[in-house]
2 protein chains.
Amino acid sequence: MRNRITIQRVAELANVSKATVSRVLNGYPHVRPEVRDKVQRIIDETGYQPHNIARLLASDRSSIIGLAISSSAQVVFNDPYFPAITEAVSKGAASKSLVLSLFVSYTDQQGQDTLGRILAGGLLDGLLLTADYKGISVLPQWRQADIPVLFIGRPTNTVGINYVDVDNVQGGWLATSHLIDLGYERVATIGSNRNAAGDDRVTGYRKALKQHGLAWDERLVAFGDYSPESGYAGMQALLPYKPQAVFVASDTMALGALRALREAGLRVPEDVALVGHDDLPPAVQADPPLTTVRQPIARTGQLAVDKLAQIIDASEGTPAENSVLPVKLIVRESCGALPAK
Amino acid sequence: MRNRITIQRVAELANVSKATVSRVLNGYPHVRPEVRDKVQRIIDETGYQPHNIARLLASDRSSIIGLAISSSAQVVFNDPYFPAITEAVSKGAASKSLVLSLFVSYTDQQGQDTLGRILAGGLLDGLLLTADYKGISVLPQWRQADIPVLFIGRPTNTVGINYVDVDNVQGGWLATSHLIDLGYERVATIGSNRNAAGDDRVTGYRKALKQHGLAWDERLVAFGDYSPESGYAGMQALLPYKPQAVFVASDTMALGALRALREAGLRVPEDVALVGHDDLPPAVQADPPLTTVRQPIARTGQLAVDKLAQIIDASEGTPAENSVLPVKLIVRESCGALPAK
DNA sequence: ACAGTAGATGAAACCGGTTTCAAAGTATGG
DNA sequence: CCATACTTTGAAACCGGTTTCATCTACTGT
């Protein structure tokens, strides 16, 4: 960097020592107001900006957090959930003056190597991980780096790890109860067993059935992998058993399910009612617009950053208190509660 | 960091100086093979990892590049283009051992502040910017930081700035020509004038018309903002003028257009043929699947990283040579060239 | 008026690497 | 066999901040 202004230069101009400038910079006490003002003026006049890297080295803090998005293969950004959470985390980080670095596909070999190297290099103050697949657990890399880690979504096979999650059981329950309350009796589901969220939503479905005195019928339960194709296949598997209503555990799968219904010549909601989950943009665009369960993604992202920052600051007593955010039913046309437009 | 192994410790264990270890680490010459081996052995045994931050400070290189995604309001990650390019850039960065940091919404006030601070702090070696809106130009922040910058997509009002783009003129031309070749005569378009890509696609459309001796009819041209809603509105505006075929300048808008057609009781492609642009996942999921122009997004991302890295390394003679990647027509059902399934 | 203490300040060490430079060692050529 | 050049190596400076610690000043209470 050619001739950047350094703290030394500012100190000279203000006739004080580097230490004093540093104190002003960081708002520390023990500086006389007039000195503080003078230094501040010089800083403003020169447009001095502290050199991040140098600051990091000295303070052993980088103010950089990582967001690692798992996923095998191409699925990554196909589900709009990931972009949404990424955006939310990005904004959360900005609001706390943290820099966000992004790692896509940390589960494949190259991703692991990259991430491992970064972690060992001490660049990151903390790491957020999306727990979107079962089997994600504490990988050796970050166990060794002992860096603060927080999962977004509940990891399945790891205890003592902090996470921020939404209440997926409630999601499944809300959707299913709504359908039952509307009078449907053969209520099916297209769930997923790929991750904890999928399990939870099915649990909510089951809970609602039980509570309303309906029996669990294996043939009315299909499983998918959050892709539209799997929703399509799931619906085709359900059709022979004549469901009156279906809770689809993700909007993305619901789009596939819609297509299967259309191809089978069935109308939504007249012949089969549908409720999705997530309330991502495609839900509104669908034909008919999807009744769905809204996850507070923006809040999830912000909260994840806040909690991670908190863990980083605490450094010692890791506050193992996890957060589960509530979800909310959004009624549109696909469930039959509203008249079609 | 508690008790990390430092270069000093490695040097002691190997009975050499820090300088020598540094040479081994960076593969510099002037180290006797046996010394090199010994140092390497110690490094392996201890699992030593150089401290990134310290290295950065000393070498004035961070190996961190930024990706700034512009956009006002909520639009950001609604168009699957952004997630796709983000993923591509992320992988590109990983393949070059660069760390990627992400800045969403760099055009609003907070985003600008954040980015400005980071740039001035000298944390980033280079910056990639998505040129998705007209009016994005060289902001004072990075002009001052004089950091290497590369646009993804062609910026409209800036010269002498490097960019990587896809051949949008060709895209518009391919789509329109295809429709004309299929025998449609009233070929409309839903374009966009929000960015250079939009302009170019319309230019391609116009070029194809001219080349086939068809007249430009103002009433057959609508403009949108890449949202499904604007595609919907655009199609409604076109319908009174009875287009036989429409080139929609993005798949996302095409989805909206499809909905407008369905609501008008028109079948695709029997009544109106459609060609989209981008070939993002929704194109395949659409009903009917969209004929569209495929942009090589993965390659764009990788190329952008490569070029940025090149500019960073060159430091002096900025190679102002820009790249424009070719696009390709993908024929599916919405254009009527194939029989419906 | 004076001991005691709190506040303000600067010098210097430090963070963990890279890079320069001088010195020592080794090979080459006349 | 000696002058010359080239390779190998380590000591020390350096990158630009933060933090410790000692010193000096000013204020408190008696």
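Helices here are DSSP runs of H or I with at least four residues, strands are runs of E with at least two, and both are numbered from the N terminus. The model shown in these views is predicted.

**View 1. A cis proline in a loop of chain A.** Pro269(A) sits in the loop that links α11 (251-263) to β9 (273-278) of chain A. The peptide bond running from Val268(A) to Pro269(A) is cis. Its omega is near 5 degrees. Most peptide bonds are trans.

**View 2. Helices α10 and α11 of chain A.** Helix α10 (residues 228-238) of chain A packs on α11(A) with the axes 6 Å apart. The angle between them is about 45 degrees. Angles under 35 degrees count as roughly parallel and those from 65 to 115 as roughly perpendicular, so α10(A) is oblique to α11(A). Their crossing is right-handed. On the α10(A) side, the meeting residues are Pro228(A), Ser230(A), Gly231(A), Tyr232(A), Met235(A) and Gln236(A). Among their partners in α11(A) are Thr252(A), Met253(A), Gly256(A) and Ala257(A). By class, this contact has seven nonpolar, five polar and two charged residues.

**View 3. Helices α5 and α13 of chain A.** Which residues of α5(A) make the contact with α13(A)? Start with the geometry. Helix α5 (residues 81-95) of chain A and helix α13 (residues 297-314) of chain A have axes that come within 7 Å. They cross at roughly 45 degrees. The two helices are therefore oblique to each other. The crossing of α5(A) past α13(A) is right-handed. Now the residues. From α5(A) come Tyr81(A), Ala84(A), Ile85(A), Ala88(A), Val89(A), Gly92(A), Ala93(A) and Ser95(A). From α13(A) come Ile297(A), Ala298(A), Thr300(A), Gly301(A), Gln302(A) and Val305(A). Sorted by class, the contact of α5(A) with α13(A) has nine nonpolar and five polar residues, and no charged ones.

View 4. Side chains of opposite charge can pair when their charged atoms come close. Here, Lys91(A) and Glu87(A) form a salt bridge, with 3.1 Å from N to O. Both residues belong to helix α5 of chain A. They are four residues apart, about one turn of the helix. A search of the whole structure, over all chains, finds 26 salt bridges.

**View 5. Helices α8 and α9 of chain A.** Helix α8 (residues 168-181) of chain A meets helix α9 (residues 196-211) of chain A, and their axes come within 6 Å. The crossing angle is roughly 40 degrees. That makes α8(A) oblique to α9(A). The crossing is right-handed. Look along α8(A) for Asn168(A), Val169(A), Gly172(A), Trp173(A), Thr176(A), Ser177(A) and Ile180(A). They meet residues of α9(A) including Ala197(A), Asp200(A), Arg201(A), Tyr205(A) and Lys207(A). By class, the contact of α8(A) with α9(A) has seven nonpolar, seven polar and three charged residues.

**View 6. Where chain A meets chain B.** How many residues of each chain are in contact? Chain A contributes 49, and chain B contributes 49. The two chains bury about 4,500 Å² between them. Of that area, 56% is on carbon and sulfur atoms. Across this interface, two salt bridges are found. Asp287(B) pairs with Arg262(A) in a salt bridge. The closest N and O atoms of Asp287(B) and Arg262(A) are 2.9 Å apart.

**View 7. A cis proline in chain B.** A cis peptide bond joins Asp287(B) to Pro288(B). Its omega is about 0 degrees. Pro288(B) lies in the loop between α12 (281-285) and β10 (292-294) of chain B.

**View 8. A positive phi at Ser63(B).** Most residues other than glycine have a negative phi. Ser63(B) is not a glycine, yet its phi is positive, about 60 degrees. Ser63(B) is in the loop between α4 (52-59) and β1 (64-69) of chain B.

**View 9. Lys328(B) and its contacts.** Lys328(B) is part of strand β12 (residues 328-330) of chain B. Leaving out residues up to four places away in sequence, Lys328(B) touches Leu174(B), Thr292(B), Val293(B) and Arg294(B). Leu280(B) is 48 residues from Lys328(B) along the chain, and their C-alpha atoms are separated by 13 Å.

Conventions
Residues are numbered from 1 along each chain as its sequence is written. Chains are lettered from A and ligands numbered from 1 in the order in which they are written. This is a predicted model: local features need pLDDT of at least 70, side-chain atom pairs count only at pLDDT 80 or more; totals for chains, interfaces and linings use all residues. Side-chain values use heavy atoms; hydrogens and water are left out. Axes are lines fitted to C-alpha atoms, for helices over the stretch in contact, and angles run from 0 to 180 degrees between N-to-C directions. Angles under 35 degrees count as roughly parallel, over 145 as roughly antiparallel, 65 to 115 as roughly perpendicular and the rest as oblique. A crossing is left-handed if the near helix is turned anticlockwise from the far one by less than a right angle, and right-handed if clockwise. Contact means heavy atoms within 4.5 Å. Ala, Val, Leu, Ile, Met, Phe, Trp, Tyr, Cys and Pro count as nonpolar, Asp, Glu, Lys and Arg as charged, and the others, Gly among them, as polar. Buried area is the accessible area (1.4 Å probe) that two parts lose on being put together, summed over both. A salt bridge is a side-chain nitrogen of Lys or Arg within 4 Å of a carboxyl oxygen of Asp or Glu.
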